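Subject: Structure handover

Hello,

Here is the structure you are taking over. Please look through it first, then read the notes below.

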Amino acid sequence: MTVLNNRITFVAAACALFSTSAFAQDPSLTNPAISAVLDGYYQNTERPMAERVEGFGLGHTELAMSANIDDMFYGKLTAVVEMHDGETELGLEEAFIQTLGMPGGFSVRAGRFLSDVGYLNNQHVHTDAFSDRPAAYRAFLGSHYFDDGVRLTYVAPTDIYWAMGIEAFKGDNMRAEDEHGEREFKDLGIYTAYTKLGGDIGANGSWQAGLSYMRNENGRLTADEHEEHEEHSDEDHGHDHSHSANYTGENTYIADFVYKWAPNGNYKYQHLTVSGEYFKVTDFTPAVHADEHLSEQSVDDQQGWYLSGVYQFSPNWSAGVRYGEVDTQEMHGDHFHGQKLKESEVSLAWHHSHFSTVRLQYTNQKGTNFDGIEDDNVITLQYVMTLGAHGAHQF
Amino acid sequence: MRINSNLIKISALALMASYSSVASAGLNIFACEPEYGALAKELAPDAKIYSATTAMQDPHQVQARPSLIAKMRQADLAVCAGADLEVGWLPMLQMKSSNAKVRSTDLGLFFAAEQVATLDKLESVDRSMGDVHAQGNPHLHFSPQRVLKVAQALTDKLIQLDPDSKAEYQKSLTDFSKRWSDAIPVWEAKAASLRGKKVIAYHSSFRYLFSWVGIEQVADLEPKPGLPPSSSHLASLLKRTEAGDIMAIVVASYQDERGANWLGERANLPVQVLPMSVGGNEQSQDLFSLYDSVLDLLLGVKSK
């Protein structure tokens, strides 16, 4: 045989070599979809509030298993292995069931799952085009907000995509900082409501836009009795392993959009993704007696936003740019210090196949009072690879 | 989406025309690929049919985009190739559309590959082999005999979902099967001179077509299924062409022509783009004209 590249020949040869047990790709009762994500990196320094540390490290190493439980329920379990100060910890990021057969476009999800507020939050981190979430996500949602709770969604029977959802969560990770451990938090901390609209623009483009509201019963800070508050809390904000939100408030509003473009709608060779989100977090100043003001020029809102564009210019290469800002307020005794973080980022990724990515990312961060950051350059070299079942991706 | 909106327009016209005569409740059909939209149109002319992809889009890599969720939400029946072709997006559409009707093949979900024996089924799949399908090659709409079987099974599914229109579906099937069976020997006679010809092609997209007309695909532009042509691989293909026995380089309408053009120029071989499905070129307006077009183009390149 002179032709070694004949696919059929190759496959036949491979069959002969690996004639082990049959491996069907379809998830079934005896064979759920099992996949793993391997994520490793090296970076020269840290981004504030991010999970990745300086030097070599492992990112989101996850093991996921999913299948239809029966004709009514789908279930998924995602375990995440993380390193904290040299110790390995196993966490559960997803452990949920979802209904498959409810009438009228309704669906219920229960257990532990990623909240569907905003655009990025319900996407798995390994599908991101950048090594860390935008600063606004890190500040307000603990990078990605997952929790124990329940969700009800409805999809309208319209030609334009229109979905609505409400969620209720325990909200432990979204609690305001409690210096003295004296506060009585509510057990049902988070309620969300969101709506998403979407459609196509011609044969080449598709869009989605959403509005979300999050009510955090435990989001308001507790009044600090100490006049001269030491800046010790800055240490805690260095990097966040507990997935807790660093800056909370009773009300969070999120507006998001995403636009994707591919020539003729064919995503195999080239495609462009432009996305952006805006966050506003309000009502975090400690409740005080009506006649007292915490401070004269008291502010009661924090904001953040980002805009990102990622272009895959060949099946093997993609490049992205992202700019984001976050404005937060840090409580110091009876007053707040405004903080600002600006991040300009570029990333270049090489994809050998659909399942393997090696990424180089550069971030220039400029901070004003932000955890002591003034100017910093962060370079991350990262790989993200998936093995096992080919999971379907969200838009 | 040009092709889709045309389909909708056509089916809307068909609907309007049918309102005056029979009050048949047209099913809402979601076709994963245009070939199944075209087949559904033959078998259920009164149905409202939407094709999720066009012949210019690689069905392996489709975004589970909002418009598709909205269409699937309203569907009574989803008709797809199956054999894991849509594994990267169909499950997400099913999950997000919350439409109980299309969640299982017991109900309004239909996979063509489950109705026939596929080629190249694999006992064992390893990712080092590339993006291969354990359940065999899903591009089976270029096998005329399989299309007949799929049409029969799809008609059974239509009758299951809409038993009141049973007589009409059976009439459509009889009509389609007759025209299709009559066309097969005509196509085979036309394609007789292609038997034994050798081609280099992109992916195994035309596996069934080549198997039917007796063309041998001696090499693949992809180094491994799903991976784009690499320069080292193209160089090895160039060496292969030195034997002088290759008729042409064949790519499908949704595949990148650059690798093929590079090889074609150096090896002095014609590069032929074939419509992968209905709407892949001007001539391909339905399944019949798609077959006509593909054979015409191959005969054209043979006489070069």
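How many residues of chain B are in contact with chain A? In this predicted model, 62 residues of chain B touch 66 residues of chain A.

The interface comes first. The size of an interface is often given as the accessible area lost when the parts come together. Here chain A and chain B bury about 5,400 Å² between them, and 53% of that area is on carbon and sulfur atoms. The rule finds 5 salt bridges across the interface of the two chains. There is also a salt bridge between the side chains of Lys268(A) and Asp58(B), with 3.8 Å from N to O.

Next, the disulfide. A search of the whole structure finds 1 over all chains. This disulfide joins Cys32(B) and Cys80(B), with the sulfur atoms 2.0 Å apart. Cys32(B) sits in the loop between strand 1 (28-31) and helix 2 (34-43) of chain B, and Cys80(B) in strand 3 (residues 77-80), so the bond ties together parts that are 48 residues apart in sequence. The torsion about the S-S bond is about 45 degrees, so the disulfide is right-handed. Both cysteines, Cys32(B) and Cys80(B), are buried.

Last, the surface of chain A. A nonpolar patch there has about 780 Å² of accessible area together, and its residues include Tyr42(A), Phe56(A), Tyr362(A) and Leu381(A). Strand 16 (356-370) and strand 17 (373-388) of chain A are the elements that give two or more residues to the patch. Leu381(A) lies in strand 17 and is partly exposed, with a relative accessible area of 46%.

Regards

Note on methods:
Residues numbered from 1 in each chain as written. Chains lettered and ligands numbered in written order. Predicted model: local features only at pLDDT ≥ 70, side-chain atom pairs only at ≥ 80, totals over all residues. Heavy atoms only, no water. Disulfide = S-S within 2.5 Å. Helix = DSSP H or I, 4+ residues; strand = E, 2+ residues; numbered from the N terminus. Buried < 20%, exposed > 50% of the residue type's maximum accessible area, 1.4 Å probe, protein only. Patch = residues over 30% accessible without salt bridge, like charges linked within 9 Å, V, L, I, M, F, W, Y side chains within 5 Å. Areas by Shrake-Rupley, 256 points an atom, 1.4 Å probe, with all protein chains shown as cover. Salt bridge = Lys/Arg side-chain N within 4 Å of Asp/Glu carboxyl O. Contact = heavy atoms within 4.5 Å. Buried area = accessible area lost by both parts, 1.4 Å probe.
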